[in-house]
Amino acid sequence: MSARTLPLLFLNLGGEMLYILDQRLRAQSIPGDKARKDEWTDVDRKRVMNDIISTMFNKKFMEELFKPQDLYSKKALRTVYDRLAHASIMRLNQASMDKLYDLMTMAFKYQVLLCPRPRDVLLVTFNHLDAIKDFISDSPGILNQVDETFRRLIETYNCLSDGEFQLIRQTLLIFFQDMHIRVSIFLKDKVQNSNGRFVLPISGPVPWGTEVPGLIRIFNHKGVEVKRAEFTTAGNYVTPQREGSFELYGDRVLKLGTNMYSVTRPVETHMSGSSKNLASQAKENTAPNPLAKEELNFLARLLGGLDIQKPAGGETGFRLNLFTTDEEEEHAAQTRPEELSYKVINIEATQEPGRRAELSRILGELEVAEPRPGSAEKGEDLLALMDGL
């Protein structure tokens with residue numbers, strides 16, 4: 001396992017989350033002069049994006065994130081994204097949050113699988129950050145936060161060897177290996193099978209610095225080429241024209257990690273049959289996990305450094321539905337296997353040593369709270385983990 005994987009995982013999943021939220025907010029926006037008090041406007045959309053991005057790139061949060069450390073569990077990371085998604089006036093109920101996280105994880109999994117070489121996962125990250133900068137181009141303060149993270153990425157990762165990037169890629173694939181959720185965009189583009197597994201291409205550009213396959217060279221003991229033989233390949237390979245830029249600005253060349261929702265089309269997620277069977281056969285053990293305390297103490301450190309933008313005055317927040325209708329959202333919540341629904345961990349994180357010790361005790365016991373009844377109501381499903389922060 002690589003101790004340098006967590007920042008790349010967090011930033012890429014966060015980028016996918018912002019793509020999805022921006023697309024859904026735009027789809028549901030009403031012109032400001034025609035919108036009712038409880039309807040979204042473009043001003044609300046910009047406010048939500050600014051609040052989430054500002055929270056995501058909080059300086060203290062980034063400092064903790066970039067410290068060398070092991071990758072943490074899916075549940076621990078999901079807790080962070082629950083908090084991020086509710087760092088503004090927007091509210092998501094459980095079904096929409098599940099769908100959002102499914103889309104985020106499957107999109108980045110596909111990108112990691114398609115990376116021509118392990119080092120290119122950094123170009124995927126840069127594509128996400130380039131797009132995030134476009135979202136907040138009119139907010140210089142937040143833009144500076146993103147640029148600081150950009151520089152930290154360059155400083156931390158540009159000097160790593162190819163072997164270290166291979167270990168990072170392997171760590172990411174281990175994290176994603178049992179996730180097979182069908183996504184309509186991938187199914188329509190025929191890059192995903194009905195069982196949720198991806199179809200990898202056998203044609204296209206070869207990794208930068210390598211040659212198109214089809215030629216065998218034979219060398220003698222002195223290192224001199226003495227014979228050549230050609231063979232036919234199953235794919236149609238081409239040599240890339242140039243390498244993508246690993247600097248703050250430049251052409252990344254690689255398109256993985258760019259916004260696939262820029263063309264409006266509905267995106268649905270479905271659990272594959274194999275995933276459902278896996279979930280039913282391997283229910284999560286409710287006994288305390290010896291690693292849980294350390295994982296969630298890590299979260300306490302991260303979450304303790306975040307400032308959440310709570311609705312001001314009488315604002316109750318706006319509800320965002322990631323499904324086409326409320327009925328679809330309610331049906332998804334009822335039919336999703338219980339083992340695959342992420343429950344809410346109650347966390348109170350402060351900088352006070354006494355309360356931090358109490359937090360450690362509670363987290364070590366792995367006590368999980370069920371979603372509150374009526375959480376689909378507008379403004380009522382603020383995640384329990386935000387209480388006291």
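**View 1. Buried residues make up 49% of the 389 residues in the chain.** Buried means under 20% relative accessible area (exposed is over 50%, partly exposed in between; 1.4 Å probe, protein chains only). The model is predicted: local features need pLDDT of at least 70, side-chain atom pairs count only at pLDDT 80 or more, and totals for chains, interfaces and linings use all residues. Residues are numbered from 1 along each chain as its sequence is written, and side-chain values use heavy atoms, with hydrogens and water left out. The chain holds 13 helices and eight strands (DSSP runs numbered from the N terminus: helices H or I, at least four residues; strands E, at least two). Its accessible surface is about 19,200 Å², 51% of it from carbon and sulfur atoms (Shrake-Rupley, 1.4 Å probe).

**View 2. Asn 50 sits in helix 2 (residues 42-56).** Asn 50 is buried, at 18% relative accessible area. Beyond its neighbours within four places in sequence, Asn 50 contacts Phe 135, Ile 136, Ser 139 and Ile 142 (heavy atoms within 4.5 Å).

View 3. Of its 26 lining residues, Leu 114, Pro 116, Pro 205, Val 206 and Leu 254 are closest to the centre. Helix 5 (94-114), helix 6 (120-135) and strand 3 (204-205) each give two or more residues to the lining. A pocket is an open set of points on a 1 Å grid where a 1.4 Å probe fits, with protein on both sides within 12 Å along at least five of seven lines; lining residues have an atom within 4 Å of a point.
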